[in-house]
Amino acid sequence: MGFSTDCIHAGNAPDPTTGSVTVPIYQTSTYVQEGLGKHKGYEYGRTQNPTRSALEENLAVLEGGAGARAFASGMAAITAISTLVKAGDHVVCSNMTYGGTYRYYTKILANYGVTFSFVDTASPADVERAIRPETKMLHLESPTNPTLQLCDIAVLSELAHRNGAVVVVDNTFASPYLQKPLALGADIVMHSTTKFLGGHSDTVGGAAIAKSKEHVEWLSFVQNSSGAILSPMDSWLVLRGIKTLSVRMERHEVNGRAVAEHLAKHPKVKKVNYPGLASHPQHGLAKKQMSGFGALISFELGSLENAGAFLGKVRLCSLGESLGGVETLISHPATMTHASIPEEERNRLGVTPGLVRISVGIEDLEDILADLDNALTAIS
Ligand SMILES: Cc1ncc(COP(=O)(O)O)c(C=O)c1O
């Protein structure tokens, strides 16, 4: 089936009891068993839930994996995947990764004997230099948050596999509509379903989709053992959000490109990071690896003062963390999503005090542009 058809139908079989077109929210903690050892495949809510299973089936199809597991948040999915490494192992990770991932790796997992190298994954040579005999995982994010840097997933997967490391790709920014990391060679894809998959800023969740049955089995075991499951209601919200993923992404893409081009021409904007612009250093890779460029843009206003004045004047664009919702969300990475990264490191990575990130929504383009133009008048 085509991608849009899969978004609507994969995992979404009519309810066997009533014929309900939408998968019911099975809001239950347990299931009655007919007798000892006799049940319908459902024993306890943490272990199995039909609404969650429907979402997992849907996600496995969209990403082309052997299976998917849904977790309580994107970070819970990353935590579950990270159980593939143990004390003594080494992980190579993008130095532009989401701040929460960096915090989890450096402040928590590092306490358990796992070591990390944060490198510029745009450079395969830098990744190769960082790989050691004990490297067991390569954690990639493409495009990265918030500087919209890309990495070549196919080349890096090949490199990691030659050295026996598992490749994990955070596909949150692109969504499977724009990028399919498993087809490019990765082993596991993760999402913060809070973002484009849910799409309506009304749920927090995460997912891990694996190419091999062995990884799916391990993730199922971890999901049940550590328990950070996605609730039935949240599973249903994500399942419903995904039904319109294609049409939302089409509109996100049109608006995203137009906003990026508009900002790039604006005299108050010093620099625009967007893979769809010919000026982006990896525009060629974006065209090769992605089927579009998405709706995330970051741009440089020169100083904290300018960023503050601009963010204080937006009206339609909502100032807030998160991204991927139908509404345009705007944020200040240095003080919000990336505050957990040391200042010096942030500046080195381009997460400067003047950097603003925008997740372009699907409102009328003219209204978004008018709001941005008006807010930019706050900068002298
Ligand atoms: C790229 C990326 N990965 C992971 C996460 C973590 O997801 P969650 O907030 O659902 O735990 C985020 C959250 O912003 C993100 O932007």
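**The chain as a whole**

The structure is a predicted model. Its secondary structure consists of 15 helices and 12 strands. Along the principal axes, the C-alpha atoms of the protein chain fill a box of roughly 75 × 50 × 35 Å. The radius of gyration of the protein chain is 21 Å, which agrees with the value near 21 Å that a compact globule of 380 residues would have.

How much of the chain is buried? Of the 380 residues, 56% count as buried. The protein chain exposes about 15500 Å², and carbon and sulfur atoms supply 56% of that area. Among the contacts with a separation of 6 or more, 73% are between residues 24 or more positions apart.

The charged side chains number 32 positive and 37 negative. The centres of these two sets lie 1 Å apart.

Aspartate 6 is placed in helix H1, which covers residues 3-9. This aspartate is buried yet has no salt bridge. Where is the nearest side chain of opposite charge to aspartate 6? That side chain belongs to lysine 180 and is 7.5 Å away. A salt bridge needs a side-chain nitrogen within 4 Å of a carboxyl oxygen. Leaving out residues up to four places away in sequence, aspartate 6 touches Met1, Asn58, Val61 and Leu62.

Alanine 76 belongs to helix H3, residues 74-81. Is alanine 76 buried or exposed? Its relative accessible area is 12%, so alanine 76 counts as buried, the limit for buried being under 20%. With residues up to four places away in sequence not counted, alanine 76 touches Phe71 and Ala228. From alanine 76 to glutamate 345 there are 269 residues in sequence and 25 Å in space, C-alpha to C-alpha.

Proline 181 lies in helix H8, residues 181-184. The relative accessibility of proline 181 is 0%, so this residue also counts as buried. Apart from neighbours within four places in sequence, proline 181 is in contact with Glu63, Ile153, Val169, Asn171, Ala186 and Val189. Proline 181 and valine 326 are separated by 145 residues in sequence and by 24 Å in space, C-alpha to C-alpha.

**Salt bridges**

How many salt bridges does a search of the whole structure find? The search finds 13 salt bridges. The table lists some of them.

| Positive residue | Negative residue | N to O distance |
| Arginine 162 | Glutamate 128 | 4.0 Å |
| Arginine 132 | Glutamate 134 | 3.7 Å |
| Lysine 288 | Aspartate 152 | 3.1 Å |

In the salt bridge between arginine 162 and glutamate 128, the pair links distant parts of the chain, 34 residues apart. Arginine 162 is in helix H6 (residues 153-162), and glutamate 128 is in helix H5 (residues 124-130). Arginine 162 is exposed, with a relative accessible area of 54%, whereas glutamate 128 is partly exposed at 44% relative accessibility.

Arginine 132 and glutamate 134 form another of the salt bridges. Arginine 132 is partly exposed, with a relative accessibility of 32%. Glutamate 134 is partly exposed as well, at 29%.

The salt bridge between lysine 288 and aspartate 152 also links distant parts of the chain, since its partners are 136 residues apart. Lysine 288 is in helix H12 (residues 283-289), while aspartate 152 is in the loop between strand S4 (135-141) and H6. Which of the terms buried and exposed applies to each partner? Lysine 288 is exposed, with a relative accessible area of 60%. Aspartate 152 has 13% relative accessibility and so counts as buried.

Some salt bridges share partners: Arg52, Glu56 and Arg69 are joined in this way into one network.

Helix H4 covers residues 99-108. Which residues of helix H4 are buried? They are Gly99, Gly100, Thr101, Tyr102, Tyr104 and Tyr105. The buried residues of H4 pack against H3, strand S2 (90-94), strand S3 (115-119) and S4. H3 is the helix in which alanine 76 has its place.

Conventions. Residues numbered from 1 in each chain as written. Predicted model: local features only at pLDDT ≥ 70, side-chain atom pairs only at ≥ 80, totals over all residues. Heavy atoms only, no water. Helix = DSSP H or I, 4+ residues; strand = E, 2+ residues; numbered from the N terminus. Rg over C-alpha atoms; globule rule 2.2 N^0.38 Å. Buried < 20%, exposed > 50% of the residue type's maximum accessible area, 1.4 Å probe, protein only. Contact = heavy atoms within 4.5 Å. Areas by Shrake-Rupley, 256 points an atom, 1.4 Å probe, with all protein chains shown as cover. Lys, Arg positive; Asp, Glu negative; His and termini not counted. Charge placed at Lys NZ, Arg CZ, Asp CG, Glu CD.
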